[in-house]
Amino acid sequence: MIDTSARVAVIGGGIAGACVAFGLASRDVNVTIFDEAMAGQATAASAGIIAPWVSTSTGAYYETYAAGGSYYPEFLDRLSALGIPELGYRRSGALVVNEDPTALAEAARLIRERAAGAGDVAGEVHDMDSANLREIFPPIAPDMTGLFISGGGRVDGRTLRDAILTGARTYGARLVHDAARTITSEHGRSTNPSGTWKVGTTSAVEDFDAVVIAGGARSSEILEHLGHTVSITPQRGQLIHLSLHGANTSPWPTVHPLDHHYITPFDGGRVVIGATREDDVGFDVRTTAAGQKQVLDDALRIAPGLAEATILETRVGVRPMSTRPGGLPYAGAVPGAPGLWLASGFGAGGLTMGPLIGDGLAAAILGQEAPQIAHLGL
């Protein structure tokens, strides 16, 4: 616990680090963010879908996921109030589809229940036949039926991250474009009763009263060097960006086929398809033939109308996957290390959960009540 006169270092500028920094800076804390923008940052690669009600997750993870979705309007309003012009977000709805009406009906019961509990944030839920589907998402396969959730949204990870960092800097946070190459306590140990920490880059060593590890999938490596262990592993995700020349894709909803993959339309004819979930490849951020085939096969099976789209680029990100029970992310103080905090392990839900968890952790660091992250401690 610190007060607003303290200096806090945030290690990592992805969604976790940006949101914690924003939460702290907006509370008048002196914050420095260290980020070297390494290849494979999950936030930079992702095309986020803000529609937790269609998720297959359950239990405490889903509760956190859904709470993150409910918090989104408030968070976006806070960024907009700062005059940040582009947040990368659009509320265009979410479309759950399947060729098996029975499977869709089973999913629909749970989705309707969840959406009803979320109120206006989730919006309205409507059944869609094949003709309705083609009206709102023209490339869809003709044998699909679906369920439309009007409150679903989508966000470009890079744009939102940049907006949050801009917001943090507006409140006085400092961004250092370099890695935190050394993190030590005052006496070079991972624990220090005085709570003073030193963070070293290629050009300087600075003193801080607290350090937040928000290094994505590399968080476990950073903590291991400090003598602590957490269950976070890397998972590679490959996404393909397509272009549909002349198509007005802005109002198209995101598409969810009751499986691991999805389709996320953006403005200007851009459509993102993905994503692979590749374990046991470490931090290898290559684009692979097998990964690209999987992404294309998955997308074209449910949306054959994308077959003539132009491939613009492939993005590869490494998700920080928590392997603790239920896949719960980490957000809290590191035991036995005064002044050391962790925010990581968000998995594929980082863009949805990040703002809520970041604000909660910022409150906790200041000794304030943070019920939204009480179950996420180490």
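1. You'll find Asp28 in the loop between α1 and β2. Its backbone is worth a look too: phi of Asp28 is positive, about 70°, although the residue is not a glycine. Most residues other than glycine have a negative phi. Keep in mind throughout that this is a predicted model.

2. Asp280 sits in the loop between β17 and α8. Is Asp280 buried or exposed? With a relative accessibility of 78%, Asp280 counts as exposed.

3. While you are in that loop, look at Ala275. Ala275 belongs to the loop between β17 (270-274) and α8 (289-302). The peptide bond that joins Gly274 to Ala275 is cis, with omega at about -5°. As a rule, most peptide bonds are trans.

4. Now step back to the whole chain. How many helices and strands does the protein have? There are 9 helices and 20 strands. The radius of gyration is 21 Å, close to the 21 Å that the globule rule gives for 378 residues, so the protein is as compact as a globular protein of that length. Along its principal axes, the C-alpha trace spans about 65 × 40 × 40 Å.

5. Of the 378 residues, 57% count as buried. The accessible surface comes to about 15,200 Å², and carbon and sulfur atoms own 50% of it. As for charge, the protein has 27 positive and 39 negative charges, and the mean positions of the two sets are 4 Å apart.

6. How does the chain meet itself? Take the contacts with a separation of 6 or more: 73% of them are between residues 24 or more positions apart. His256 and Ala94 are 162 residues apart in sequence, yet their C-alpha atoms are 7.5 Å apart in space.

7. Stay with His256 for a moment. This residue lies in strand β15 (residues 254-256), and it is buried, with a relative accessible area of 9%. Which residues does His256 touch, if you skip those up to four places away in sequence? They are Ile49, Val54, Ala94, Leu95, Val96 and Val97.

8. Then there is the nonpolar interior. In soluble globular proteins, nonpolar side chains tend to be buried together. Here the largest nonpolar core has 55 residues, and Val10, Leu24, Val31, Leu160 and Ile164 touch the most other members. Elements that give two or more residues to this core include β1 (7-11), α1 (15-25), β2 (30-34), α3 (59-81) and α9 (350-365). Apart from it lies another core, of 24 residues; Val54 and Ala275 are among them, as are Leu104 and Ala118.

9. Zoom in on Val10, in strand β1. Val10 has 0% relative accessibility and counts as buried. Leaving aside neighbours within four places in sequence, Val10 is in contact with Gly17, Val20, Ala21, Leu24, Val31, Thr32, Ile33, Phe34, Val212 and Ala214. Val318 is another matter: it is 308 residues from Val10 along the chain, and the two C-alpha atoms are separated by 19 Å.

10. Leu24 shows up in that contact list, so let it be your next stop. Not counting residues up to four places away in sequence, Leu24 touches Val8, Val10, Val29, Val31, Ala362 and Ile365. Why can we say that α1 is largely enclosed by the rest of the structure? Because 11 of its 11 residues are buried. Among them are Ile15, Cys19, Phe22 and Leu24.

11. Ala66 counts as buried because its relative accessibility is 13%, and the cut-off for buried is under 20%. Ala66 and Ser55 are 11 residues apart along the chain, with 9.3 Å between their C-alpha atoms.

Terms used
Residues are numbered from 1 along each chain as its sequence is written. This is a predicted model: local features need pLDDT of at least 70, side-chain atom pairs count only at pLDDT 80 or more; totals for chains, interfaces and linings use all residues. Side-chain values use heavy atoms; hydrogens and water are left out. Helices (H or I, at least four residues) and strands (E, at least two) are DSSP runs, numbered from the N terminus. The radius of gyration is taken over C-alpha atoms; the globule rule is 2.2 Å times the number of residues to the power 0.38. Buried means under 20% relative accessible area, exposed over 50%, partly exposed in between (1.4 Å probe, protein chains only). Contact means heavy atoms within 4.5 Å. Accessible areas come from the Shrake-Rupley method with a 1.4 Å probe; for residues, only the protein chains shown count as cover. Lys and Arg count as positive and Asp and Glu as negative; His and the chain ends are not counted. The place of a charge is taken as NZ of Lys, CZ of Arg, CG of Asp or CD of Glu. A nonpolar core is a set of buried Ala, Val, Leu, Ile, Met, Phe, Trp, Tyr and Cys residues joined through side-chain atoms within 4.5 Å.
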